[in-house]
Amino acid sequence: MGRQRRRHQLHLWFRTLRLTLRPPHAPHPIGEPMHLKRVLGLALAAVTVGAAVLVEASPALAAPTFKVPFPCNQVWSGQTRTNHSPANAIDFNRTDDTGDPVVASAPGTVDVVTNLGDTSYGKYVRINHGSGYTTYYAHLNSFAVSVGQTVKYGTVIGYVGTTGGSTGPHLHYEQRSGGSAIQVKFNGVTALYWGTKNYTSDNGCGGGAAQGTVNTAGSPLTVRSGPGTGYSSVGTVNDGATVAIQCQTTGTTVTGTYGTSNIWDRIGSGRFISDAYVYTGYDGFIPGVPRC
């Protein structure tokens with residue numbers, strides 16, 4: 001509100017106050033002072049009421065729907081403990097997890113990608129989700145994003161490691177509101193405090209993270225139950241078909257239409273095809289698509 005508008009409104013309050021203190025149809029006699037305390041008290045009340053009308057309460061800001069920070073269908077052991085720093089953080093790990101992909105827990109913008117060396121978080125990423133909410137991903141082995149990058153569910157942001165003050169490979173994960181660590185929630189459900197629990201990720205599961213076009217020069221492409229030619233056949237995909245790629249992983253090396261590759265694309269639950277026969281617009285892994 002501008003200065004002139006405030007002065008005008010105060011003038012109206014005091015004018016109203018002056019009229020209120022006079023008896024009806026009997027103007028206050030000139031030169032007859034009013035009681036000072038009464039004047040000041042009523043003036044203060046008028047200003048307070050006016051301020052209350054002008055200031056609106058801010059609505060509560062809803063938290064994002066956070067998901068487990070690992071690719072779809074992966075199962076990770078998450079531990080909480082009272083002597084953790086901060087106490088509301090979760091440490092995630094599983095067997096042979098060094099180098100496993102870590103994905104964004106919710107859509108947002110990467111605002112920190114840094115390396116603290118051999119102390120504290122070591123290599124860590126922070127994502128700003130808006131409304132004061134952020135997530136932290138610490139002790140990473142390496143990064144897959146840069147500051148200013150927009151991420152969505154399932155976007156790979158780094159890889160599990162043991163940097164900083166870590167004593168073994170794991171992901172240190174936090175959710176914060178207004179800069180303070182809060183109890184972690186996944187899909188609106190509070191994590192186990194305190195103890196260890198297995199969490200199954202549904203991060204990036206819906207609808208496919210990218211699309212590709214099968215190109216075999218005519219023959220149907222065999223769909224396997226796993227990422228390799230040694231897995232059983234569970235069907236075929238026609239040449240020219242568009243497929244939704246949910247995630248990618250490495251497996252048997254295959255030579256196909258687009259060269260030689262050990263990348264396999266998951267196009268459904270227990271359904272994998274060789275990326276060597278799929279046009280995606282990229283050589284290698286597709287940026288932003290989670291690793292299986």
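This is a predicted model: local features need pLDDT of at least 70, side-chain atom pairs count only at pLDDT 80 or more; totals for chains, interfaces and linings use all residues.
**Disulfide**

I looked for disulfides and found 1 in the structure. Cys-247 and Cys-292 form it, with their sulfur atoms 1.9 Å apart. I checked the torsion about the S-S bond, which comes out at about 105 degrees, so I'm noting the disulfide as right-handed. Next I looked up where the two ends sit: Cys-247 is in strand β19 (residues 247-256), while Cys-292 is in the segment after β22 (278-279), so the bond ties together parts 45 residues apart in sequence. Are the two ends buried or exposed? Cys-247 has 2% relative accessibility, under the 20% cut-off, so I count it as buried. Cys-292 has 25% and goes down as partly exposed.

**Cis peptide bonds**

Most peptide bonds are trans, so I went after exceptions. The bond from Ser-85 to Pro-86 is cis, omega near -5 degrees. I placed Pro-86 in the loop between β1 (75-80) and β2 (90-93). Tyr-193 and Trp-194 are also joined by a cis bond, with omega about 10 degrees. Trp-194 belongs to the loop between β13 (189-190) and β14 (195-200).

**Positive phi**

Ser-120 has phi near 50 degrees. I found Ser-120 in the loop between β4 (108-115) and β5 (123-130), and its relative accessible area of 44% makes it partly exposed. For His-139, phi is near 65 degrees. His-139 lies in the loop between β6 (133-138) and β7 (140-143). At 8% relative accessibility, I wrote His-139 down as buried.

Technical notes
Residues are numbered from 1 along each chain as its sequence is written. Side-chain values use heavy atoms; hydrogens and water are left out. A disulfide is a pair of cysteine sulfur atoms within 2.5 Å. Helices (H or I, at least four residues) and strands (E, at least two) are DSSP runs, numbered from the N terminus. Buried means under 20% relative accessible area, exposed over 50%, partly exposed in between (1.4 Å probe, protein chains only).
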